[in-house]
Amino acid sequence: MQPYVSTSTVLCILGTLLAYMAVRALYLRYRHPLINIVALGAAIIITVLVVCDLSYAVYEPAAKIMTIFIGPATVALALPLYRYRKVLLRYVFAITGSVCAGAFVAMFSAGLIARLGGLPQEVVISIMPKSVSIPFAIEIAGFYGGIPSLAAAFVVATGTLGSLIGGWTLNLAGVADPFARGLSLGTVSHAQGTAAALQEGEEPGAMAGLALILAGIITAAIAPAVVWLVLRFPAIM
């Protein structure tokens, strides 16, 4: 009788944890925005798989097991939200309005650039929900004629890029308020932006978690109007 979890799966999980701990320690020491835990951690794992000539099929069971913890980790974001509930209630309209504006701009600008660039309609629709988490994105893309798998790829790319340069961009713009930084990162870069915000502190992390949820709901609500609006523009390339 074979064990439920193979030795290779256990080693892959341990290797992933070691990569995470190493990159996290590096970030905590230097605090450089390019030391991104998600991106560098993934790069380490990919490098090890390539060097050891291992296929993704070997790593996939470990990935599935670790993915199970995404749900509890997401629910755990409710704790900092509860701690800052008074602030949330006091600025509820400002928070909701800013996330609404950010969700619209993120969706419309991506779709418009893709549309004007002459990309196929299904690609245009697939890229539009890039700033929300994958469950929202694949449903929105699939419902309006996009390609769910392509939408998921755009989400991952957006999150990685946002977590890499989001904080640096906010620094250039002179945005120092932790609540504003958290809302920005969560609205534009979903879960990976939230992870980057949590590295800055509990306050931006709480706001990013809230923005992550609101942006997904708002994007789904405005999708019919934004898709219709973007598709009215003619391709110019």
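Q: Which helices do the buried residues of H9 pack against?
A: The model is predicted: local features need pLDDT of at least 70, side-chain atom pairs count only at pLDDT 80 or more, and totals for chains, interfaces and linings use all residues. Residues are numbered from 1 along each chain as its sequence is written, and side-chain values use heavy atoms, with hydrogens and water left out. The buried residues of H9 pack against helix H7 (92-116), helix H8 (121-127), helix H10 (148-172) and H12. Helices here are DSSP runs (H or I, at least four residues), numbered from the N terminus. Contact means heavy atoms within 4.5 Å.

Q: What puts the buried residues of H9 on the same side of the helix?
A: The buried residues of H9 (residues 134-143) are Ala137, Ile140 and Ala141. They cover an arc of only 95° around the axis, which puts them on the same side of H9. The arc is taken from the directions from the helix axis to the C-beta atoms. An α-helix has 3.6 residues a turn, so residues three or four places apart point the same way.

Q: Which exposed residues does the face of H9 turned away from its buried side carry?
A: That face carries Pro135, Glu139 and Phe143. Just after H9, Gly145 takes a positive phi of about 100°.

Q: Why is Ser133 called buried?
A: Its relative accessibility is 18%. Buried means under 20% relative accessible area, exposed over 50%, and partly exposed in between (1.4 Å probe, protein chains only). Ser133 therefore counts as buried. Ser133 lies in the loop between H8 and H9. Not counting residues up to four places away in sequence, Ser133 touches Val155, His190 and Leu212.

Q: What makes His190 count as buried?
A: The relative accessibility of His190 is 4%, so it counts as buried. His190 is found in helix H11. Although not a glycine, His190 has a positive phi of about 40°.

Q: Why is H11 called roughly perpendicular to H12?
A: H11 (residues 178-200) and H12 (residues 202-231) pack at an angle of about 65°, with their axes 6 Å apart. That makes H11 roughly perpendicular to H12. Angles under 35 degrees count as roughly parallel, over 145 as roughly antiparallel, 65 to 115 as roughly perpendicular and the rest as oblique. Axes are lines fitted to C-alpha atoms, for helices over the stretch in contact, and angles run from 0 to 180 degrees between N-to-C directions.

Q: Which residues of H11 and H12 meet?
A: Among them are Gly182, Gly186 and His190 in H11, and Gly205, Ala208 and Leu212 in H12. By class, the contact has 12 nonpolar, seven polar and two charged residues.

Q: Why are H1 and H2 called oblique to each other?
A: H1 (residues 7-30) and H2 (residues 37-51) pack at an angle of about 135°, with their axes 9 Å apart. H1 and H2 are therefore oblique to each other. The contact is made by Gly15, Thr16, Ala19, Tyr20, Val23 and Arg24 of H1 and Ile37, Leu40, Gly41, Ile44 and Ile45 of H2.

Q: What makes Asp53 count as exposed?
A: Asp53 has 68% relative accessibility, so it counts as exposed. Asp53 lies in the loop between H2 and H3. Phi of Asp53 is near 55°, a positive value in a residue other than glycine.

Q: Why is Val58 called partly exposed?
A: The relative accessible area of Val58 is 27%, so Val58 is partly exposed. Val58 lies in helix H3 (residues 56-67). Val58 touches Ser8 and Cys12, not counting residues up to four places away in sequence.

Notes. Helix = DSSP H or I, 4+ residues; strand = E, 2+ residues; numbered from the N terminus. Nonpolar A, V, L, I, M, F, W, Y, C, P; charged D, E, K, R; others polar.
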